[in-house]
Amino acid sequence: MKTLPELFDNNEEWRHRIEREHPGFFEKLVGQQQPKLLWIGCADSRVPANEIVGLMPGELFVHRNVANLVNHTDLNLLSVLQFGVDVLQVEHIMVVGHYGCGGVRAAMEDEPHGLIDNWLRQVRELYLRNRKSLGELPDEQARVDRMCELNVERQLVNVANTTIVQEAWRRGQKLNVHGWIYSIADGHLSDLKLGVQSNQELRQLEADSYSV
Ligand code: CO
């Protein structure tokens with residue numbers, strides 16, 4: 001029995017449309033992938049990386065997990081990052097959060113959520129450190145949204161401090177790390193203007209963010 005037939009029908013329609021609009025598209029892709037962009041985003045189904053920025057297969061290297069986290073012990077993330085930086089030689093890494101992130105929201109709640117609390121622990125720490133300033137915001141939605149931005153900043157700093165990015169910069173490889181945020185409510189993607197492309201800029205960002 002063929003399950004979910006509509007998805008296979010969609011796929012047929014999609015691949016024919018792509019081939020119609022870009023003759024030879026798939027044949028060219030087979031050779032190799034050469035994306036210059038690495039997207040680290042949330043696994044949330046409402047934040048589909050390629051669609052949001054209008055990129056075709058082959059143009060965006062993607063890693064997604066709950067709450068777009070960069071944990072230094074996450075072999076999955078580190079493997080994607082190493083392949084992206086060392087082999088594909090991506091020039092831009094974007095950490096992309098989104099407003100209303102359920103993972104970030106869960107990390108702010110006092111009740112337990114099971115195993116995922118371990119994954120979200122660093123977001124919880126970030127929340128606890130910023131609890132006072134977040135408390136000055138008018139409502140819960142504003143606090144969650146601000147935390148989503150702070151989380152992007154935190155993960156940007158984390159990715160820039162990995163041995164992989166550090167070594168790339170040390171050998172003079174051009175590599176920009178950006179912090180972006182997406183609004184599910186209206187589809188708008190914005191640049192939080194936290195981007196760094198050197199240790200000097202990274203240290204400045206760290207000094208600014210830790211002094212809050
Ligand atoms: Co999310």
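Strands, like helices, are taken here as DSSP runs, a strand having at least two residues and the numbering starting from the N terminus. In this predicted model, strand E3 spans residues 92–98 and contains His98. Five strands make up an open sheet, ordered E2-E1-E3-E4-E5, with mixed pairing. E2 and strand E5 (189–191) are the edge strands, each pairing on one side only. Direction ignored, neighbouring strands of this sheet are turned against each other by 25 degrees on average.

Strand E1 (residues 37–42) is paired with E2 in the parallel sense over five bridges. E1 also runs parallel to E3, to which five bridges join it. Trp39 stands opposite Val62 in E2 and opposite Met94 in E3. In strand E2 (residues 61–65), Phe61, His63 and Asn65 form a covered face, whereas Val62 and Arg64 form an uncovered one.

Helices lie against this sheet. Helix H4 (residues 75–87) lies across E1, E2 and E3 and runs at about 165 degrees to E2. H9 packs on the sheet as well, touching E1, E3 and strand E4 (176–182). The direction of H9 makes about 160 degrees with that of E4.

Leu38 belongs to strand E1 and, at a relative accessibility of 1%, counts as buried because the limit for that class is under 20%. Beyond its neighbours within four places in sequence, Leu38 is in contact with Phe61, Val62, His63, Val80, Leu81, Val90, His92, Ile93 and Met94. Of these contacts, Phe61 and His63 are on the covered face of E2, and Val62 is on the uncovered one.

The largest nonpolar core has 46 residues, and Ile93 and Met147 are those with the most contacts inside it. H9 gives the most to this core, with nine residues. Residues up to four places away in sequence not counted, Ile93 touches Leu38, Ile40, Leu81, Val85, Val159, Val165, Leu175, Asn176, Val177 and His178. A second, separate core has eight residues, including Trp39, Ala49, Leu60 and Tyr182.

A cobalt ion is coordinated by the SG atom of Cys42, the NE2 atom of His98 and the SG atom of Cys101, at 2.0 to 2.3 Å. The donor residues follow the spacing C-x55-H-x2-C in sequence. Cys42 in strand E1 and Cys101 in the loop between E3 and H5 are 59 residues apart, and this pair links distant parts of the chain. Both Cys42 and Cys101 are buried, the relative accessible area of Cys42 being 5%.

With residues up to four places away in sequence left out, His98 touches Cys42, Asp44, Arg46, Val47, Asn68, Cys148, Ile181, Tyr182 and Ile184. Among these is Cys42, a donor to the cobalt ion. Tyr182, also touched by His98, is a member of the second core.

Cys148, another contact of His98, counts as buried at 2% relative accessibility. The closest cysteine sulfur to that of Cys148 is in Cys101, 5.3 Å away, which is too far for a bond. A search of the whole structure finds zero disulfides.

In helix H7 (residues 121–129), the buried residues are Gln122, Val123, Arg124, Leu126 and Tyr127. Their cover includes helix H5 (102–108), helix H8 (131–134) and helix H9 (140–160). Tyr127 of this helix and Leu38 are 89 residues apart in sequence, and their C-alpha atoms are 26 Å apart in space.

Backbone angles of two residues are also noted. Most residues other than glycine have a negative phi. Leu4, in the segment before helix H1 (5–21), has a positive phi near 45 degrees. Lys193 has a positive phi near 55 degrees and is placed in the loop between E5 and helix H11 (199–210). Lys193 is exposed, with a relative accessible area of 72%.

How values were computed:
Residues are numbered from 1 along each chain as its sequence is written. This is a predicted model: local features need pLDDT of at least 70, side-chain atom pairs count only at pLDDT 80 or more; totals for chains, interfaces and linings use all residues. Side-chain values use heavy atoms; hydrogens and water are left out. Buried means under 20% relative accessible area, exposed over 50%, partly exposed in between (1.4 Å probe, protein chains only). Helices (H or I, at least four residues) and strands (E, at least two) are DSSP runs, numbered from the N terminus. Two strands pair if DSSP finds at least two bridges between them. Contact means heavy atoms within 4.5 Å. A disulfide is a pair of cysteine sulfur atoms within 2.5 Å. A nonpolar core is a set of buried Ala, Val, Leu, Ile, Met, Phe, Trp, Tyr and Cys residues joined through side-chain atoms within 4.5 Å. Donors are N, O and S atoms within 2.8 Å of the metal (3.2 Å for Na, K and Ca); water is not among the atoms, so sites may look incomplete. Axes are lines fitted to C-alpha atoms, for helices over the stretch in contact, and angles run from 0 to 180 degrees between N-to-C directions.
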